[in-house]
Structures are given as structure tokens and as C-alpha cells.
Amino acid sequence: MDRRSVIKNTGLAGVLAAGAAPALVQAQANLRWRLTSGFPKALDTIYGAAETFSKKVKELTGGKFEISVHAAGELVPMPGIVDAVKNGTVEMAHTAPYYYFGKDETFALGCAIPFGLNSRQMSAWMYDGNGLKLMREFYKQYDIMSFPMGNTGAQMGGWFRKEIKTVNDYKGLKFRVGGFAGKVIERLGGVPQNIPGGEIYQALEKGTIDAAEWVGPYDDQKLGFFKVAPFYHYPGWWEGGPQLDLYINQKAYDSLSSEYKAIVECAAAYAHTEMQAKYDARNPGALKQLVANKAKLVAFPKPVMDAAFKESMALYSELSAKNPSWKKVYEDYSKFRADSNLWFRFTEARFDSFMQGAKL
Ligand code: CA
């Protein structure tokens, strides 16, 4: 039966009910996609951002666009994520771009670099500065479309068996640290260690490593590091506001209707906001409990921060001289960082420092 005879026999209402109108079929297709997370389920705030995203997409499409979320390693191990999205093994991934700095250091600029942007500044650079535009240009060679999807806020500096008093204490220090920061730790004389979350406690307990950083009070507390490495240094100068990204295979993204594209964008932005909110709401209570459990809160001494800052800036100059894509993105990033800090020091920083010193 051709289309005209369908209309003749059933009327337009019948055609619509049968779902035969091409525009409607295009806009409301049923889709089943897979998303691999770069994280284990135990990191419920981080892993949960991908679940929030998937739930919102499902709700906004009346159940027609379903995305199953898989923990790291279930479909793809974390280090294989960029290739898996590029090849279309999975349509989507949620991960921390700085894990892939071995492919190209530019990945780190879409996530966190030592002494980089804080969480607010990162969102500003992404959504209203050139950040998202520049990172998407960079990701084109990997056939990846990206959206910001979560931030932890400034992290803690980690758990140390011995207190860091001078920069010399980094010499030979075996320090478990995630991502790009290891490059600066090395320049300070430390030995960065790449150990998955589940194995850190034992390595610290045995003394196979001297220190480990993870995230912040809420996540760190669950892993119990305070029992084996009591000095809890702050701040995590290498992660002032690490952003996570939603990666989408470019072809898969291009195949979406404009309606679904808008839904993906909005759901990712919602998950982005919610993850930071969860950390900001949950870290204070966890920090209190850690201190009650005898964690010793110690700030990194200013000379240690200064030495790390100096090494970081030297590293960025070297990278700019040899990696054109780093140079292109970092030039914009560093200008944004300078301008943003000039502004934040007046209102945000002044207000925060007054409030945090006030008796409440
Ligand atoms: Ca960390």
C-alpha cells in the first residue's frame, strides 16, 4: 500500500497514529546508547553525574532516548576511553580529560593543570570564554564532541605518612597522584605513582608509597586513608577545579535530531551543576568527621607552593615551545586565568575570606 492510499483509507490521523509522518519519526526516534564512565561506582558523586545525565535525557525524551551507564572497565578500561569513543565502540563517555595527557598534553587544559582555573573560573572559560570552542576544535582529530559535565571543586593535597615541611621533602617521595600533576611532582624530585583507587590504602599502609592524593574529604573518608597516613595536606594545588567531560562520538552526535542535541546539552549542564553542588554540600561534614578521627590538617607551606608554582610555569613554557596545540589553547587559558583572578580577588575572595573568618 503506498502512502497516498494509506491516507485515503485511514485519514491523516491514522498516518500519525501509525508513526508514518517522517518529521515526527526523525524527531522522536527510540535510541539505546551506551556510556562508559572513567570511574568506579564507589565514587558516587563523580560516577553519579553520568547517571544523572542519563536519567534527565530519558525524562526529557519521554523514555525514548535511553543511555546505559557502565563503570570503568565494564565495557572499556579508563585509559582506552578516547579510542573507544573515536572508534564508536561506545557512543558516549564520562571522564577526566587529563588522564589522556600522554596522547597530547592539551587534554589536561580541558580538565585541570597545576595552578590552573578554579571551578567557577573553569565554567566561565568553558561556557562564556573560548574554552569549549578551543577544546572542541582540539577534539575534532579524535572525532569527539564534548560537553562540560561535572567538577569536584578544589581538591585536597592528599595523605602523607610524614609532614611536608620544605620542598626538599618531595625528594624521592613516592606519591600516588592522578593525571598530569605527576609532571610537576617529578620536577620537584618526587616519584609519581599511578595506582588505582582500590589499591592505594594497602600501598600506603605497607609503605610502598609515602603519600597519596585522591579527591577531597567526602571520597577520601570512604577509603580510610586517615588510618595509615595522618597528615592531610591542603590545598591540592594541581587540582583547583578539575572538570569532567561528556565525550560523544562525533558521527553519533551528528545523527541526533536538533531536539535531542539540545536535550543532551541541557542534561549535561544540569549534571555539571549538580556534581559541584554535591561536593560542596557533602565535604564539610566529611571533613569534620576526619578531624574527629585524628586526621592532621596541615597547609602546604607557602615556599613549597611557590616552588611548585615556579616549576609548573616553567613546564607550561616548555610545552608551548614544542606543542602547537597546547600553545594555542594555553595562551587563551592563561590570559583568562590572569583576568579572572584579577577580578575574583576583589569581591569573591574578599567576601569569602571575611565570611570564613567570621564567627557563625
Ligand atoms: Ca585528585
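What follows is a short chat about the labels used for this model.

Modeller: This is a predicted model, where local features need pLDDT of at least 70, side-chain atom pairs count only at pLDDT 80 or more, and totals for chains, interfaces and linings use all residues. Residues are numbered from 1 along each chain as its sequence is written, and side-chain values use heavy atoms, with hydrogens and water left out.

Biologist: What makes Q155, E213, W214 and E239 donors of the calcium ion?

Modeller: Donors are N, O and S atoms within 2.8 Å of the metal, or 3.2 Å for Na, K and Ca; water is not among the atoms, so the site may look incomplete. Q155 (OE1), E213 (OE), E213 (OE), W214 (O) and E239 (OE) lie 2.2 to 2.9 Å from the calcium ion, so they qualify under the Ca cut-off.

Biologist: Why is E213 said to tie parts together with E239?

Modeller: E213 sits in the loop between β8 (211–212) and α10 (217–223) and E239 in the loop between β9 and β10, so the pair links parts 26 residues apart in sequence. Helices (H or I, at least four residues) and strands (E, at least two) are DSSP runs, numbered from the N terminus.

Biologist: Why is E239 called buried?

Modeller: Buried means under 20% relative accessible area, exposed over 50%, partly exposed in between (1.4 Å probe, protein chains only). E239 has 1%, so E239 is buried. E213, at 2%, is buried too.

Biologist: And why does D143 count as partly exposed?

Modeller: Because D143 has 34% relative accessibility.
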